[in-house]
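Student: Could we take a close look at how the helices pack in this one? I'd like one connected explanation.

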Amino acid sequence: MKLPDLRYRAWVIGLALTAALPVFAGFTTLGWEFSEIWGLAGTLACLALCGCPVRPRQSDPPVLLSLGRHEMLGWIALGAAVLHVLLAMASDHAVVEYLKPTSPLYQLTGIAALVVLVILTLTSIAGVRRRVWHSHRDFQATHIIFGCLLTVLLGAHVITTGRYTGGYGRRIVYVAVAAGGIAMLLRRRRRTGPATHEPIVTRRLAFGRHSTLMVGVIAAAMLGLGSLIPGRALVALREPLLARAQTLPLNFDHRKHTAINCLVCHHNYADGRGFDACIFCHRSARKDLKVGAEARFHDFCLNCHRHPGPQLPRHGPVSGCTICHQPAAA
């Protein structure tokens with residue numbers, strides 16, 4: 001049996017490293033861990049689908065999966081994503097807030113990714129595919145466009161969530177694997193006759209007349225993934241789509257956080273801008289404040305608990321919502 005070429009071996013190593021990220025994430029609660037693991041499994045399946053297309057069969061790099069296995073992996077990805085959502089809602093009732101328009105942008109990208117995955121899976125059924133597309137080339141182009149969109153939406157959701165991709169190193173690994181999978185879509189076209197007057201991109205790639213469009217879509221997707229590496233993009237994705245009319249209950253016990261300097265969060269104590277609560281500024285119309293209250297609070301809490309400094313050995317990785325969002329009396 002011929003071994004896959006070097007490109008595939010390097011990409012598979014990266015995929016294995018991504019699958020091992022939960023080892024470094026810390027344990028929260030059993031229900032939440034099962035939900036997160038299924039979410040990661042669905043993400044890995046989507047990346048594998050992107051990196052292992054089934055056409056053309058005699059291509060460079062070579063095809064690894066048959067059509068049947070490719071379709072089966074798509075159903076596995078969809079099942080894992082649905083389990084991820086259902087288990088999250090079952091283990092934490094406050095997750096329903098993420099199904100509303102007031103949800104942060106990165107959660108909405110996760111919902112959009114699930115919708116795109118459903119479209120990709122259902123339209124890949126042979127009967128549906130033949131009724132919707134009369135040309136295989138048109139189906140292939142549409143499938144790849146939606147696949148690239150799915151990869152970018154998943155990247156925005158997974159990286160901004162930060163459960164497994166906290167820090168530059170882990171983000172770079174994930175982006176490299178996702179971008180590598182998209183790059184695997186660029187496959188050479190098998191020559192079937194004498195040279196033609198077609199553009200060089202059309203002659204060399206397996207997308208036929210859609211080659212120029214596909215190259216543009218793949219390049220845009222790779223640029224979109226690369227933009228997720230800086231921390232600024234992640235803070236912006238934590239902002240809600242619509243402002244919430246009524247705030248959720250929040251129980252923050254300052255007595256449990258005495259090891260943290262107050263100025264880390266309450267910076268307005270030091271810069272002479274007043275001593276009001278955070279929301280008075282971060283929900284105001286001040287143009288110099290680019291981060292809203294929700295994005296700033298989640299950035300403080302999640303980053304500190306998931307990646308505490310060495311002086312904070314008792315900090316656990318917070319993932320659920322009800323740990324913080326509960327009435328103060330509780």
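Student: Are helix 6 and helix 9 roughly parallel or roughly antiparallel to each other?

Tutor: First, a bit of background: this is a predicted model, where local features need pLDDT of at least 70, side-chain atom pairs count only at pLDDT 80 or more, and totals for chains, interfaces and linings use all residues. Residues are numbered from 1 along each chain as its sequence is written, and side-chain values use heavy atoms, leaving out hydrogens and water.

Now your pair. Helix 6 (residues 136-161) and helix 9 (residues 211-226) pack at about 5 degrees, with axes 9 Å apart. Axes are lines fitted to C-alpha atoms, for helices over the stretch in contact, and angles run from 0 to 180 degrees between N-to-C directions. Helices are DSSP runs (H or I, at least four residues), numbered from the N terminus. Angles under 35 degrees count as roughly parallel and over 145 as roughly antiparallel, so helix 6 and helix 9 are roughly parallel.

Who touches whom? Contact means heavy atoms within 4.5 Å; among the residues making it are Ile144 and Cys148 of helix 6 and Val217 and Ile218 of helix 9. This contact has eleven nonpolar, two polar and no charged residues. Here Ala, Val, Leu, Ile, Met, Phe, Trp, Tyr, Cys and Pro count as nonpolar, Asp, Glu, Lys and Arg as charged, and the others, Gly among them, as polar.

Helix 1 (residues 6-19) and helix 2 (residues 30-51) cross at roughly 170 degrees, their axes coming within 11 Å, so they're roughly antiparallel. Trp11 of helix 1 is part of that contact, and Trp11 also touches Val177 and Met184, among others.

Key: Helix = DSSP H or I, 4+ residues; strand = E, 2+ residues; numbered from the N terminus. Parallel < 35°, antiparallel > 145°, perpendicular 65-115°, else oblique. Lists of a residue's contacts leave out its neighbours within four places in sequence.
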